[in-house]
Structures are given as structure tokens and as C-alpha cells.
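Biologist: Let's go through this one term by term. Please back every label with its rule.

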Amino acid sequence: MNSILGANSVRFIVLLLVQVIICSHINFLGYINPYIYIIFIFLFPIREDRLILLITSFLLGMLVDVFLDSGGVHAAASVFLAYARPVFLKTSFGMLYEHQSIKFSNTELGSLITYITLGTLTHHLILFSLEVFNISSTLLILKKTLFSSIFTIILCILIIILFSRNKK
Amino acid sequence: MQQIFNFVIRNKTFLLFLFLFSIGLALTIQSHSYHRSKFINSANALSGGVYGTVNSIDKYFDLEKENEILAEENKRLKEQLFNSVNSENNAVIDTTISRENYRITTADVYKNSYSSTNNFITINKGKNDSVKQDFGVVTSKGIIGIIDNTSKNYATVLSILSKKSRINAKLKNSNHIGSLTWNGKTPEFVQLIDVSKFAPVKVGDTIVTGGQSSIFPQGINIGKIESFETDISGDTYTIQVKLFNDMTNIGTIYILENRDRNEILKLQNTSNE
């Protein structure tokens with residue numbers, strides 16, 4: 001229990017700092033930034049209470065908002081992702097999720113990619129819809145969502161694989 | 001009563017989600033609809049401290065470029081000074097120097113953003129340095145924005161790269177005024193709207209701040225006219241302005257306080273009544 005708490009707290013702080021210091025200032029091609037802090041929500045232990053996940057996700061999003069002066073867009077998007085997580089888990093891992101026996105470090109790469117992709121697309125769509133907040137700029141929202149998602153998905157998968165514990 | 005409790009307990013995840021999501025949504029709407037982002041901003045000890053640590057390392061990489069900018073500005077000021085000594089009756093053109101009622105503070109940029117639709121800059125001066133809301137922010141090349149929120153040691157600046165920003169500006173060679181806005185597309189260009197169709201607009205002309213705002217002194221550089229077109233109604237011009245400042249790379253800035261601002265505002269209020 002303590003090791004789970006410790007690992008997640010460290011992950012929370014490290015991801016937050018990496019996000020606000022490095023990742024939000026990449027501005028690839030002018031506007032494309034990865035939002036890697038959502039790895040925290042992806043990797044949050046499944047057996048833990050969902051209420052804790054919701055609250056910590058909200059806190060994480062809110063802190064990112066504080067650093068980036070973005071109102072409440074990251075908080076709203078993170079909470080939505082945290083709430084919708086079981087749906088993505090079920091579609092990508094199927095039976096494994098039903099038995100509550102997923103270990104992110106040794107799942108199949110295919111399922112992991114599906115899971116991350118679904119989650120990232122949802123999170124980014126809400127994020128940019130709220131940030132632009134203008135129905136007439138739908139094209140801009142979709143463009144930002146698509147390019148940032150690609151960037152985020154690649155980085156997330158690389159980070160998860162690199163830092164997974166089971167090194168064979 | 002029992003049933004209500006049961007309902008709450010059964011749907012506690014959904015209710016908590018709804019509650020937190022609506023807080024996020026409310027903050028978002030609040031930040032879009034009002035000029036000020038009241039609750040959530042990076043002018044606080046936590047984010048200021050973190051950005052400060054990063055900046056103290058980061059700024060060594062820009063020292064050479066900062067030096068060049070300073071030398072360039074020095075050269076310009078020296079030119080002005082020596083030319084004015086030769087003919088003492090000539091007033092110095094730059095109003096920030098000749099008029100005593102502007103107080104200038106320098107500050108370092110801790111965080112700059114330009115990829116969002118409303119961009120904010122965090123700087124390392126705040127209430128302790130008498131920096132308050134609605135002070136103007138400029139660099140040696142042109143304007144940056146207006147102070148939005150302040151804490152003890154930090155402040156956020158509403159950048160001109162923001163859909164909420166509207167700054168009074170005019171053509172340098174005539175007195176036709178317009179409002180400076182941003183369409184959210186590229187950080188190189190801003191738009192000057194509502195310029196009268198009688199104005200002599202030419203590509204390459206300079207745009208400067210107008211005297212109507214009580215925030216900026218008149219005649220601070222903004223940018224060059226890149227292209228222009230008439231409005232749908234045909235009465236006004238919409239001008240694409242290429243900024244002199246590279247908004248993606250700002251190191252040190254100047255904060256301008258207009259000491260007469262309160263007096264001007266009071267006067268305007270009494271005449272409006």
C-alpha cells in the first residue's frame with residue numbers, strides 16, 4: 001500500500017513538473033505541445049477507489065492550469081478522462097479488466113496503444129474545445145486535437161515502456 | 001430520507017465527477033467571459049517559485065542575445081541624446097523619457113506562451129515593487145501587453161496575443177485610430193480593426209500606440225502594415241500588422257506606470273455621467 005502511494009505521489013509531482021517546465025514550451029511548428037501529465041491518470045492503480053482517482057486527477061489538472069494560466073480547461077478534461085477510464089480499459093483490455101488483473105508493465109503492446117490512444121483523443125478533444133471555446137473554430141479544434149494527440153500518444157507510450165519495472 | 005442517502009451513496013462516483021467537472025467548466029467559462037482571470041493564474045508563490053528556478057538557469061543561454069538587444073537600444077538612446085544636445089530646443093521624441101509622469105520598472109519574463117488563444121506571460125515583479133493591474137508592458141522594440149493579476153512578488157501579463165486584448169493604436173503618419181486585436185492564428189501578426197476608410201493606409205507603414213489609452217504613452221512602436229482589406233460593410237479597414245517584437249522570444253521587459261491614470265479615469269467618468 002505504502003509503495004503504491006509513494007510511487008503515485010512521485011509520479012504526480014514529476015509529471016507535473018516535466019509538463020509545465022518542458023512539455024508546455026516545446027511549441028512544435030508553433031502550436032503543437034504534448035500533454036504527458038495524463039500518464040498519471042492512465043497508470044493509476046485499478047483496484048484503488050475511483051473517488052480518489054477523480055480527486056487527484058482534478059488536482060493535477062488544476063495545478064497544470066495554475067501554471068499555464070488556462071482557466072479550468074485541464075482540470076475539466078482530466079476529470080472527464082478519469083471518469084471515462086473504465087470504458088477505455090474495458091474496450092482495450094477486455095477480459096483482463098473484468099478480472100481486475102491488469103499489470104500495465106506486462107500487457108500486450110497493442111492493447112496498451114489502443115487504451116492510450118482512446119484516452120488521449122478524448123482528453124485532448126475536451127481540452128481544446130474548452131480552450132478555444134468557439135463553435136465556429138471547429139476546424140482549429142480538430143487540427144490541434146489531432147496533432148497534439150499524435151505527439152502525446154507517442155511520448156506516453158515511449159515513457160510507459162521505458163519506465164516499466166519488468167525489465168526482461 | 002433513507003432513499004436520498006442511498007441514492008447519493010450509490011451514485012457517489014458520478015456525483016463527484018459532475019461536481020468536479022462543473023467546477024472546471026465554471027472556471028473555464030469565467031476565464032473566457034471576463035477580462036480578468038480571477039481565481040486561477042500563475043501569479044502566485046508556487047508557480048512563480050518554480051518558474052523562477054528554471055529561469056535562473058535558462059537565462060544564461062540567452063545572455064549573448066540579451067546583450068545585443070541592450071547594445072542596440074543603448075545605441076538608439078545615445079543617438080537621441082546626442083542629437084538633442086546639439087539643438088537643445090528640440091523636444092525628445094520619445095514620450096516615455098520626456099514626460100515625467102511615467103514610472104518605469106524592469107522585470108524578467110518567467111513564463112511566456114503564444115500557442116493558446118488567450119496567452120499570458122508571468123513576470124518576476126509584483127505588489128512589493130508597486131506593480132499593479134493595468135500597467136503597460138513593453139520592450140525596447142514594441143508593446144507586449146497589460147498587467148492582469150499581481151501577487152506579492154509576481155504578476156501575469158495579458159499578452160497582445162489574446163482574444164480578450166484590445167489596445168488603442170494609430171497610424172504613425174496620421175491620427176487615424178483603431179483597435180488592436182488578435183485572431184489567434186500566428187504569433188507574428190496582429191490585426192488592427194475599425195480604421196476609418198479615409199485613412200491613408202499603405203503597406204510598410206508603421207503602427208504605434210494611440211494617445212487614447214491611459215495605459216500606454218502615445219507613440220510606442222507596435223509593428224508594420226503587412227496587408228490590408230476593407231471590411232464587409234466597406235466603411236473600415238482591417239489591417240494585418242507584423243509585430244516588431246518576436247513574441248516567441250522575450251527576455252526582459254519594461255513596466256510602465258502612468259501616474260496620471262487615476263486622474264484621467266476620474267475625469268472621463270465625470271464627463272460620462
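Modeller: Start with the two chains: 33 residues of chain A are in contact with 34 residues of chain B. Contact means heavy atoms within 4.5 Å. This is a predicted model, where local features need pLDDT of at least 70, side-chain atom pairs count only at pLDDT 80 or more, and totals for chains, interfaces and linings use all residues. Residues are numbered from 1 along each chain as its sequence is written, chains are lettered from A and ligands numbered from 1 in the order in which they are written, and side-chain values use heavy atoms, without hydrogens and water.

Biologist: What makes up the area buried between chain A and chain B?

Modeller: The total is about 3,000 Å², and carbon and sulfur atoms give 72% of it. Buried area is the accessible area (1.4 Å probe) that two parts lose on being put together, summed over both. In chain A, A:Phe67, A:Asp69 and A:Tyr83 lose the most area to chain B, together 21% of what that side buries.

Biologist: Why is H4(A) called roughly antiparallel to H2(B)?

Modeller: The axes of helix H4 (residues 73–93) of chain A and helix H2 (residues 12–33) of chain B cross at roughly 160° and come within 7 Å. Helices are DSSP runs (H or I, at least four residues), numbered from the N terminus. Axes are lines fitted to C-alpha atoms over the stretch in contact, with angles from 0 to 180 degrees between N-to-C directions. Under 35 degrees is roughly parallel, over 145 roughly antiparallel, 65 to 115 roughly perpendicular, the rest oblique. Therefore H4(A) is roughly antiparallel to H2(B).

Biologist: Which residues meet there, and of what class?

Modeller: A:Val73, A:Ala76, A:Val79, A:Phe80 and A:Tyr83 in H4(A) meet residues of H2(B) including B:Phe14, B:Phe17, B:Phe21 and B:Gly24. Ala, Val, Leu, Ile, Met, Phe, Trp, Tyr, Cys and Pro count as nonpolar; Asp, Glu, Lys and Arg as charged; the others, Gly among them, as polar.

Biologist: How do you know how H3(A) runs against H4(A)?

Modeller: Helix H3 (residues 50–68) of chain A and H4(A) have axes that cross at roughly 155° and come within 7 Å. That angle makes H3(A) roughly antiparallel to H4(A). Their contact holds twelve nonpolar, four polar and three charged residues.

Biologist: What is the handedness of each crossing?

Modeller: H4(A) and H2(B) cross left-handed, while H3(A) passes H4(A) in a right-handed crossing. Left-handed means the near helix is turned anticlockwise from the far one by less than a right angle; right-handed means clockwise.

Biologist: At what angle do the axes of helix H6 (residues 109–132) of chain A and H2(B) cross?

Modeller: They cross at roughly 30° and come within 9 Å. By the angle rule, that counts as roughly parallel. A:Leu130, A:Glu131 and A:Val132 in H6(A) meet B:Leu25, B:Thr28 and B:His32 in H2(B). These divide into three nonpolar, two polar and one charged.

Key: Helices (H or I, at least four residues) and strands (E, at least two) are DSSP runs, numbered from the N terminus.
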